[in-house]
Amino acid sequence: MEMFINGKAVPARSGKRFGVNNPATGDLIDTVPAGDIDDVRGAVDASEEAFEKWSATTARERGKILFRSAQIVRDRTKDLAVLLTSEQGKPFREARDEVQGFANTLEYFAGISASLRTGLVPLAHERYGAVLRKPIGVCGAIIPWNVPVLLMSWKVGPALVAGNTLVLKPASTAPLTCLRLADIMKEAGLPAGVLNVVTGRGDIIGDEIARNPRIRKVSFTGKTSTGKHLMEAASASLKRVTLELGGSDPMIVCDDADLKAAVDGAVRGRFYNCGQTCTAVKRLFVFESIADEYIRHLHAKIASLKVGNGMADGVDMGPMNNRKQRDRIAEVAETVRANGEGKILCGGEAPKGPDFDKGYFYLPTLITDVAPDSILMREEIFGPILPVVVVKDLDEAIERANDTVYGLGSSIWTKSIEHATIGCERLKSGITWVNQHTKVPPDLPFGGIKDSGLGRENGLEVIDQYTELKSVLINP
């Protein structure tokens with residue numbers, strides 16, 4: 001595939017390319033251009049040229065194009081999901097759901113387009129004021145490899161419906177489905193230059209997006225350290241920044257919880273997408289009065305998960321996306337073993353055999369008796385390892401849950417309104433679920449606090465992130 005600039009498929013100006021491999025087999029799927037700074041600047045040129053006309057269209061007309069895009073995506077869900085599984089590794093079922101999530105998000109922003117209007121303010125002496133909501137201009141977006149399709153929609157939907165144009169950098173290990181989606185949006189009527197997709201290294205493409213003064217806003221999803229670097233780079237041109245960064249999401253299971261639901265929720269919340277989700281359950285706290293029974297059922301459920309190629313029937317968990325991530329998870333497990341930081345009940349190694357040897361697989365891992373200062377408690381573990389900590393009561397659970405630099409998501413599992421209310425009030429995170437985990441509908445604002453980022457995506461509130469307010473005074 002080629003980059004998508006000014007409505008056309010184009011190679012990098014340097015002519016250089018790099019490969020995209022299937023994480024389950026190691027096989028080469030395709031090659032894409034290795035873009036550089038000149039390619040980003042060309043995309044900005046196209047975005048600037050398209051901005052005046054695009055921003056002059058009505059929000060309703062822009063919404064119609066998003067809605068048509070969503071319809072085409074729905075019609076081609078299977079093909080898009082196959083492509084996503086081949087480059088990202090997740091099971092086909094999860095890839096299909098993610099593609100549907102892209103359509104859901106575009107439909108949401110198409111739906112709210114009709115409500116984007118000017119506010120009139122009565123003033124003294126029979127005068128009026130108006131508050132105009134104006135698009136920012138050229139925006140930039142940088143997305144990771146874990147849920148590239150869904151996160152693309154989180155950037156594209158609000159940016160475009162608000163009247164901006166966009167330069168988007170997909171992840172180097174999972175760019176193919178994003179490129180295909182950009183072409184679908186062109187097919188749905190998106191004018192040339194409104195959306196441009198540049199492939200290449202993050203330290204080149206992403207850095208230029210952050211530094212380029214003609215890009216007036218950047219939205220980034222990824223590692224906290226990278227987000228801090230991009231924020232510093234963006235500060236030179238005073239551009240707006242939205243950062244959705246790492247998390248170490250706690251899940252609290254109270255003694256009055258539905259244990260089966262809480263087991264199923266923990267397994268899905270941790271091992272969905274092979275644990276490679278910002279809002280995944282990364283620390284599990286369970287009341288001591290139910291701990292033995294709960295851990296027994298949890299262990300059995302995790303041990304029963306089928307690991308394999310995401311396109312194979314009955315697979316619950318695919319490979320990790322890339323070798324670096326798999327090696328990091330193996331390193332974490334070895335650190336826990338070597339330092340006595342916990343007891344590994346299952347997993348803790350890569351699966352063996354000809355079906356696994358060429359891919360980036362790792363077994364779903366359950367660890368108990370976790371030390372308070374364990375790496376599992378201190379760092380974000382982005383993979384299929386679930387640490388369980390036994391606590392006395394809700395006060396201790398919340399205290400331990402909040403003992404982190406992160407604050408993205410959290411969940412509490414209980415039948416008690418009182419416990420649920422306490423959890424929602426006291427857990428320090430951008431989102432708290434009750435008796436569920438990881439679901440993020442486009443209707444609600446999403447983002448974190450502390451080292452999990454700043455700004456919000458989705459919901460009506462995200463339009464504030466992509467518009468400037470202009471006050472107008474009218475003297476009749």
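Author: Two strands are said to pair if DSSP finds at least two bridges between them. Strands (E, at least two residues) and helices (H or I, at least four) are DSSP runs, numbered from the N terminus. The model is predicted, so local features need pLDDT of at least 70 and side-chain atom pairs count only at pLDDT 80 or more, while totals for chains, interfaces and linings use all residues. Residues are numbered from 1 along each chain as its sequence is written, and side-chain values use heavy atoms, with hydrogens and water left out.

Reader: Which residue in strand 15 is the bridge partner of Ile 344?

Author: The partner is Ile 367. Strand 14 (residues 343-346) pairs with strand 15 in the antiparallel sense, over three bridges.

Reader: In which sense do strand 15 and strand 16 run, parallel or antiparallel?

Author: Strand 15 and strand 16 (residues 385-391) run parallel and are joined by three bridges. Here Ile 367 has Pro 387 of strand 16 as its bridge partner.

Reader: Are the residues of strand 15 buried or exposed?

Author: Buried means under 20% relative accessible area (1.4 Å probe, protein chains only). In strand 15 (residues 365-368), Thr 365 and Ile 367 on one side and Leu 366 and Thr 368 on the other are all buried.

Reader: What describes two packed helices?

Author: The angle between their axes and the distance between the axes describe them. Helix 2 (residues 59-75) and helix 6 (residues 176-187) pack at about 125°, with axes 8 Å apart.

Reader: Which residues of helix 2 meet helix 6?

Author: Contact means heavy atoms within 4.5 Å. Leu 66, Ser 69, Ile 72 and Val 73 of helix 2 meet Leu 181, Ile 184, Met 185 and Glu 187 of helix 6.

How values were computed. Axes fitted to C-alpha atoms, helices over the stretch in contact; angles between N-to-C directions. Buried < 20%, exposed > 50% of the residue type's maximum accessible area, 1.4 Å probe, protein only.
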